[in-house]
Structure formats: structure tokens, C-alpha cells
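Please read it alongside the sequence and the coordinates.

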Protein chains: 2
Amino acid sequence: MTDLILAFDFGGTKHTAGLIERSAHTWLAQKQVTSPPGADGAYDIATMLGLGRDLLAGARPAAVGVSFGGPVDYATGTVRLSHHVPGWENQPLRRLIETEFGAPTNVDNDANVAAVGEHRFGAGRGCSSLLYITVSTGVGGGWILDNRSWRGRDSMAGEFGHIMVDPLGPDCICGSHGCVERLAAGPNIALRAREWLVAQPERGAILRGLVGGDVSAVDGKAVAQAAAQGDELAWDALAVSARALGQAIGSVANLINPERFVLGGGVTKSGDRYWETIRATARAVAMPEVHFDLVPAGLGDYAPLWGAVAIADQPPA
Amino acid sequence: MTDLILAFDFGGTKHTAGLIERSAHTWLAQKQVTSPPGADGAYDIATMLGLGRDLLAGARPAAVGVSFGGPVDYATGTVRLSHHVPGWENQPLRRLIETEFGAPTNVDNDANVAAVGEHRFGAGRGCSSLLYITVSTGVGGGWILDNRSWRGRDSMAGEFGHIMVDPLGPDCICGSHGCVERLAAGPNIALRAREWLVAQPERGAILRGLVGGDVSAVDGKAVAQAAAQGDELAWDALAVSARALGQAIGSVANLINPERFVLGGGVTKSGDRYWETIRATARAVAMPEVHFDLVPAGLGDYAPLWGAVAIADQPPA
């Protein structure tokens, strides 16, 4: 009898369950569902337990790993809340899953789990310390230090997106201002481009063309696409994001001196010029004696699910 | 027979050796010397070996710990260089001391060693993760994570002073600009105050009085003293330092979520208003869910010597 690992990835509205043999590198089965509008925590939990039962078909897993898209207390496996879905406050997710499947379970937030996934199966293999950074609708991060997750005092470590890079920068949803996320995340790139399109009517012809003249339709992807086609307003809006990331990466290199930075998320698909600007800025901020690799993530959207496999086996905190 | 620990603190020009019984909390003996002008690495090493022999009076130490005021490769105990004194390049300090005293020796840079000292004997007791920050002629730092030093890929971790806090800030000696050190260190506070005294002849009466009208004589201490007496130009120059420290501390709290920040160095003796500004800025930048203590260092100038005692017993890297 082989050891089965059950992995869950609770996203914002898209949830995935997967079944894999321990030490294997391909999935036996995966199922994905999308929550209907109005779904709450209890609904999502019931749905995922059902997916797990379907995948297992009566077998008992050796261990379960869970990635959750929001703050989690790792020591107890309790979800603190979801920023997107109601009814997740203080859900004892680990206990619910252990009761259902009779197997030891670990639960952590998606950025930490994705960091573990990249470290074990992706672009972080072979190094002992890394910061995983994801840049999409927000900017998140997760630490591997000395081959283990570093979570910190409140399980809050890894909030790379809320490093302040500009003391005169715009207000951020976190209550502070000038944060990496406020300058670098996709929706904020789009917001900046829309503001500039309104204020600078002579610029941005390519970007305007891409959205049929409807400035309100500009999103992060349109900005990246226009920049790739040579639109300088679009590039300027994107460059603010790249410089903010590069400044923070260089500062973090000086502060923690990790071996590697692994960058993922949709915004990091914005092309070579975007990556070169991140690299050049990070290198200029880092001290000459401080070395680091800066590489694209290897697992894409599946980093949390692979990471869930890896954390299933971890000792509890 | 008791276990004797020999501790060395190689400063810029002031060097201290101390002898203590393992597990004791008072020194059996200490000796301090000041290097003459023109001294080099070989001179300083010979002097310190002599101090050690004097203290030991023929006894053999159980272990030796060494704090060095510059970059060190901890794994080999080799000094990379001194930024202040010539002839320190690639000195195999651990091997030289082990040969002289026949005892296992650990060597680390002063910021890491001071962090260990505060953690074991000072303001960091009882917590498992902290960033020690020293603010004086420069701004340095050292990490304790999970009760151990964290040094990073190149033994460069802890360079808190070279976090960029202002992308429009002035050039820093590290080659970057807008660094914490460039805004917060004592000589840079004084530089700023002198520039403002020249540019704003109607301000700074108290500070001018303290230096008998000789603006070129303004140093960091004079600025702190004038600010304490109500000089608003002096306070403004000091506040830039406090805000830079607070901004970086809040960002680091989000990134690493350590239990405690321990602040030492001469500049941190600039009074309650200085501390309150650091605290308020750090708290505003840190996310609401991120908690930390921010406390003054407990060992003053003796943190590296106490830390040398603590690292004497550490396992090699």
C-alpha cells in the first residue's frame, strides 16, 4: 500500500483538490470548483471535503496539506479570516479536515505554501534560503530560511508587499502609504495608467487603441500589452511597478541576504524590459558584497497545490 | 577547574579583551587598549594576543569568542577587511587565535556578535527572534532568528542601514542612495543640521549658541542637545533620522515579523521625542496584525564583548 497525500488549495473563489502518491511527481487526480456568488466559508469547506472524498474513493490519506488564501495561525491550523469571502473567521480548518479524513493535516497561508512548493518542486530547488514573491492583484511573499518556512511572531512574515518604498507615495489599503503593493500590483498599475491617460491626452495612443478608446477598460494586462508594443505611457506605468519591486528586493537582499528571490504572479509576465528594470534596480540598491539570484517562479498557479503536498509532511509548529 | 572563556572585541581603534568563567555574569578581568595612529591589522592582532596572554597568566581557555568591527566570513573565521584600518584583508583570525591559545574559537562581525550579546545577556533575553540595530557613526544590524544568528548567503545579513527608505534621497557611501544610514547616522544628522544652519540663518539659535557660532563644529551630540533644549532646526534634523529608522523598522516588521527590535548606539540617546517618533512611524507602517517590541539596548558599548562570550560556545557554521 502506498502513501497517499491529499492536497487542498482554497483560493478566493477557485478551489482545487489533488491526490498524489508520496514522493511521486505526477497527480493521481485533481478536481477544481468555482464558488458561486454568495458562498461563505462553511459552503467552501463542505465543498472541499466532498472533493476530497471523491478523490479518495474510500482510501485513507497518509497526510493532508492545505493552502489557504488568507491569514492562518499555523500552530493551530486555524484560519483567521478571508479578505474575500465571509464566514471564515476562526474556522478550525485543520481540526475539521483531520476529523473528516483521519489523517494529520497542516494548514498555512497561500504565500507561505507557494514558497514551500517552489522550494521543493520549482524554481527554488537546491537553495536553502529564498523569498517567494507573487505580484498579481496584490503583492504577497513567503520565506524559506534554512530550508524551512519562516512565519514570525504573528504568522505574518513575508508581507513583502507592505514594505514602504516611497514615503511620499499614495495611500495603501493596509492603512500605510507608499507600499510596494500600492505601486506594483496589477490593479494599481492599471489605475496609474488610467489617471495618466486622462491627464496626458497626447500620450498613450497604442494603449487607447487596445481598449477602443474606453480608458475605464484599461487593466494591467492591457498596460503590459501596450508597453510591449512600444507605448511609452504604458511602459512608464509599468516601470513604476518594476522599480518598486527592485528597490524592495535590493533592500531585502541587504537585510536578509537570501540566496534567491523567486518571482511569480501574472504581473511578472510583463516582458523582458520589466524584468531587466527589476534586476537593474535591485542590483543598484544591493551592496556590492551582497549576491542573489532573481528567477521566475516555476510552478505558476500550481505553486500552492504543490506546496500543500510538501507541507503535509511537515512537523507541526 | 572551571572553564575560562576569553573574549575579544576588535573595534575601530579601541580594542578590549576580557576573561570570564563560563556561566558567570561578572568578568574576572578586562583590559582595553587604543591603537596608535598608523597601526595596521598585524599590529592590532599582536597587541590583542598579548592582552589575552596577560589575562590568562598561563591558564588555557576552554573557548574564545571574537567580535570584529568589519565583515567576517563566519564559516572560516577569516576577516575580509576593515573599513578603518589597513592590513586586515583576509586575515585568518580564528586560526591565529586557535594556534596561540589552543582553544576552539569563533569570530563574527560586531553587529552579529552584539545581537547575540543582547539576546543572551541584555534586552533580547526571553525572545526567540530579534533585530539588533546600532545607530552611531553608521547604522548596523544583526539578526537572531529562532534563537540563532542569521547571516545569509554572503555573511552580509543584517545590513539594516542600507535599506532604501527614500528613492529621492541623497547618495550613500555604499553606492546606492536614500539609505537608512544616510538619513539616520550621527554624522549625517550633523551634516544636515550644518547645511540647514547655513541655508536658514533665522533658525537654530540654540544650536548656534552651543557651538559658539561655529557651524562647522556642529556634531550629532550638539544637535541632540540643542533639540532637547527646544531648538526646532535641531529637532527637524533629528526627526529625519527617527522617521527613517521608524519607516524601515515598520517595513521589516511586515517582512520578517520578529518579536523584538533592540536599538542601541549613541544616536539612540537623543531623548524621548526621538524614541516616540521612531515608535509612531514604525507602528504606522507596520500592518495592524503585526506586533513587535521596540526596546533600548541593555549592554551599551559592551554588547560585542558579552556577545563574544556567547559565541565562544557556538557550534561552527
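A residue is called partly exposed when its relative accessible area lies between the limit for buried, under 20%, and the limit for exposed, over 50%. By that rule B:Arg80 counts as partly exposed, because its relative accessibility is 29%. The model discussed here is a predicted one.

**Salt bridges**

Over all chains, the structure holds 22 salt bridges. Side chains of opposite charge can pair when their charged atoms come close.

| Pair | N to O distance |
|---|---|
| A:Arg80 and A:Asp73 | 3.7 Å |
| B:Arg80 and B:Asp73 | 3.7 Å |
| B:Asp108 and B:Arg151 | 2.8 Å |
| A:Asp146 and B:Arg148 | 2.7 Å |

The salt bridge between B:Asp108 and B:Arg151 links distant parts of the chain, since B:Asp108 belongs to strand β7 (residues 105-109) of chain B while B:Arg151 sits in the loop between β10 (148-150) and α4 (180-184), 43 residues apart. Are these two partners buried or exposed? B:Asp108 has a relative accessibility of 2% and therefore counts as buried, and B:Arg151, with a relative accessible area of 14%, is buried too. In chain A, a network of salt bridges links A:Asp3, A:Arg22 and A:Asp313.

**The interface of chain A and chain B**

Between them, chain A and chain B bury about 3600 Å², of which 58% is on carbon and sulfur atoms. On the side of chain A, the residues that lose the most area to chain B are A:Trp150, A:Arg153 and A:Leu255, which together make up 20% of what that side buries. In terms of contacts, 43 residues of chain A meet 43 residues of chain B.

The rule finds four salt bridges across this interface, and it also finds 22 residue pairs in polar contact, both residues being at pLDDT 80 or more. Among the elements of chain A, β9 (139-145), β10 (148-150), α8 (232-256) and α9 (272-285) each supply at least two residues of the side that touches chain B, and the largest share, six residues, comes from α8(A). Sorted by class, that side of chain A has 22 nonpolar, 11 polar and 10 charged residues.

A:Gly307 lies in helix α10 (residues 303-312) of chain A and counts as buried because its relative accessibility is 0%. Leaving aside residues up to four places away in sequence, A:Gly307 touches A:Val113, A:Val116 and A:Gly117. A:Gly307 and A:Ser67 are 240 residues apart in sequence, yet 7.6 Å apart in space from C-alpha to C-alpha.

Most residues other than glycine have a negative phi. In chain B, however, phi is positive for B:Ser23, near 75°, and for B:Ala57, near 45°. B:Ser23 is placed in the loop between β2 (14-21) and β3 (29-34) and counts as exposed because its relative accessibility is 66%. B:Ala57 is found in the loop between α1 (41-56) and β4 (63-68) and is likewise exposed, with a relative accessible area of 68%.

Notes: Residues are numbered from 1 along each chain as its sequence is written. Chains are lettered from A and ligands numbered from 1 in the order in which they are written. This is a predicted model: local features need pLDDT of at least 70, side-chain atom pairs count only at pLDDT 80 or more; totals for chains, interfaces and linings use all residues. Side-chain values use heavy atoms; hydrogens and water are left out. Helices (H or I, at least four residues) and strands (E, at least two) are DSSP runs, numbered from the N terminus. Buried means under 20% relative accessible area, exposed over 50%, partly exposed in between (1.4 Å probe, protein chains only). Contact means heavy atoms within 4.5 Å. Buried area is the accessible area (1.4 Å probe) that two parts lose on being put together, summed over both. A salt bridge is a side-chain nitrogen of Lys or Arg within 4 Å of a carboxyl oxygen of Asp or Glu. A polar contact is a pair of N or O atoms within 3.5 Å; within protein, one must be able to donate a hydrogen and the other to accept it, and residues adjacent in sequence count only if both atoms are side-chain atoms. Ala, Val, Leu, Ile, Met, Phe, Trp, Tyr, Cys and Pro count as nonpolar, Asp, Glu, Lys and Arg as charged, and the others, Gly among them, as polar.
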